[in-house]
Amino acid sequence: MYPDDAQDAETLLGAALQAQRLARSQTGQQRLLLRHEILGHTNGGTLSFEAHLQQALQRDEFFLVYQPQQHLADGHISAVEALLRWRHASRGVVSPAEFIPLLEESGQIVDVGDWVIGEACRQLAEWQRAGLHLRMSINLSAVQFNQPDFPQRIMEHVNAYRLLPKQLELEITESAAMGHPEQTLKMLLELKDLGFSIAIDDFGTGHSTFNYLLRFPIDTLKIDRSFTNSVTEERSSRTIVRSLTTLSQGLGFKTIAEGVETQRQRDYLEALDVDEIQGFWLAKPMTADRLGTFVASIGRRLCQPR
């Protein structure tokens with residue numbers, strides 16, 4: 001609204017475009033959005049925010065943090081998930097919810113995603129040289145995943161750091177996978193043939209069919225945090241988690257529960273036969289230099305007599 005939200009046409013239109021993007025992402029929710037509700041809003045204006053984002057890769061403002069995943073059967077740290085962060089020059093660290101949709105819409109996610117894979121591979125190779133052997137989980141955008149040369153690009157990074165494809169687990173969300181299922185199947189088969197592990201993220205919240213679940217070459221189902229959060233209170237959530245773990249065991253998949261925040265949730269998930277967990281109860285995402293110390297502390301704890 002002029003003049004409360006902006007004094008000039010450029011800033012006002014920029015804010016309106018942001019509102020339009022947010023409205024598109026909220027399917028079925030037709031409502032009025034005010035400026036303070038718009039993702040990407042900064043005091044300097046929406047267009048300034050987007051312009052700065054376009055230069056973030058060149059300015060070396062992106063960085064990765066890593067969230068550990070724990071194998072419940074023996075307690076060891078089996079893997080880490082690489083998570084992208086942006087350190088804005090004036091705002092500090094910006095939430096991924098604000099900038100990743102903009103990267104996807106502009107197509108920048110292809111180059112930024114390529115940087116993420118390269119940096120994750122570099123870090124994995126460094127840990128491996130230090131004797132820390134982990135699986136590296138990397139999130140893929142639907143835009144990035146649908147690039148025809150994606151398998152070749154990721155293999156370049158793997159070969160450059162002398163890694164094996166099986167050391168990487170590539171995550172694609174359920175909704176992204178089902179956007180173009182036949183195209184997804186073709187890409188997954190190509191990546192699987194190269195030796196990569198495949199995970200379906202946020203499983204249970206989208207619209208997968210068992211037909212495609214049987215056809216996709218999946219290694220891991222990541223159970224959405226919405227089920228984890230209510231697993232101790234709601235019988236329906238426990239039933240769903242139990243069904244997913246039983247299904248996964250029958251199909252030879254591994255299950256990882258995301259968003260574990262309490263000891264009770266962890267205990268319930270173990271009783272429901274979940275293979276691995278990830279969440280703040282175990283550890284918040286951390287920088288690479290802290291991860292080695294964290295893994296060592298878990299190892300010492302497991303070696304202590306009970």
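This is a predicted model: local features need pLDDT of at least 70, side-chain atom pairs count only at pLDDT 80 or more; totals for chains, interfaces and linings use all residues.

The protein comprises 13 helices and nine strands. It has 306 residues, and 48% of them count as buried. Its accessible surface is about 15500 Å², with 51% belonging to carbon and sulfur atoms.

I turn to the interior. In soluble globular proteins, nonpolar side chains tend to be buried together. In this model, the largest nonpolar core has 76 residues, and F62, W127, M136, L168 and L191 are those with the most contacts inside it. Helix α4, residues 109-129, supplies the largest share of this core, with 10 residues. What does W127 contact, leaving aside its neighbours within four places in sequence? The partners are Y66, V80, L132, L134, M136, A288 and L291.

Now back to Q70. This residue counts as buried because its relative accessibility is 9%, and the cut-off for buried is under 20%. Its side chain reaches the backbone oxygen of G75 at 2.9 Å. Beyond four places in sequence, Q70 touches G75, H76, I77 and S78, and also D275, E276, I277, W281, L282 and I298.

Next, helix α8, residues 181-194. Its 14 residues reach 20 Å from the first C-alpha to the last, close to the 20 Å expected at 1.5 Å a residue. Just after α8, G195 takes a positive phi of about 110°.

Strand β6 leads us to its pairing with β7: the two run parallel and are joined by three bridges. A199 has T220 as its bridge partner in β7. Which way do the residues of β7 point? T220 and K222 point one way and L221 and I223 the other, and all are buried. Strand β7 is also joined to β8, residues 254-257, by four bridges, again in a parallel arrangement. In β8, I256 is the bridge partner of K222.

Finally, two backbone angles. Most residues other than glycine have a negative phi. D60, although not a glycine, has a positive phi of about 60°. D60 is found in the loop between α2 and β1. Is D60 buried or exposed? D60 is exposed, because its relative accessible area is 61% and the cut-off for exposed is over 50%. D273 likewise has a positive phi, near 70°, in a residue other than glycine. The loop that holds D273 runs between α12 and β9. D273 counts as partly exposed, since its relative accessible area is 34%.

Thank you for your attention.

Conventions. Residues are numbered from 1 along each chain as its sequence is written. Side-chain values use heavy atoms; hydrogens and water are left out. A nonpolar core is a set of buried Ala, Val, Leu, Ile, Met, Phe, Trp, Tyr and Cys residues joined through side-chain atoms within 4.5 Å. Buried means under 20% relative accessible area, exposed over 50%, partly exposed in between (1.4 Å probe, protein chains only). Contact means heavy atoms within 4.5 Å. A polar contact is a pair of N or O atoms within 3.5 Å; within protein, one must be able to donate a hydrogen and the other to accept it, and residues adjacent in sequence count only if both atoms are side-chain atoms. Accessible areas come from the Shrake-Rupley method with a 1.4 Å probe; for residues, only the protein chains shown count as cover. The expected span of a helix is 1.5 Å times one less than its number of residues. Two strands pair if DSSP finds at least two bridges between them.
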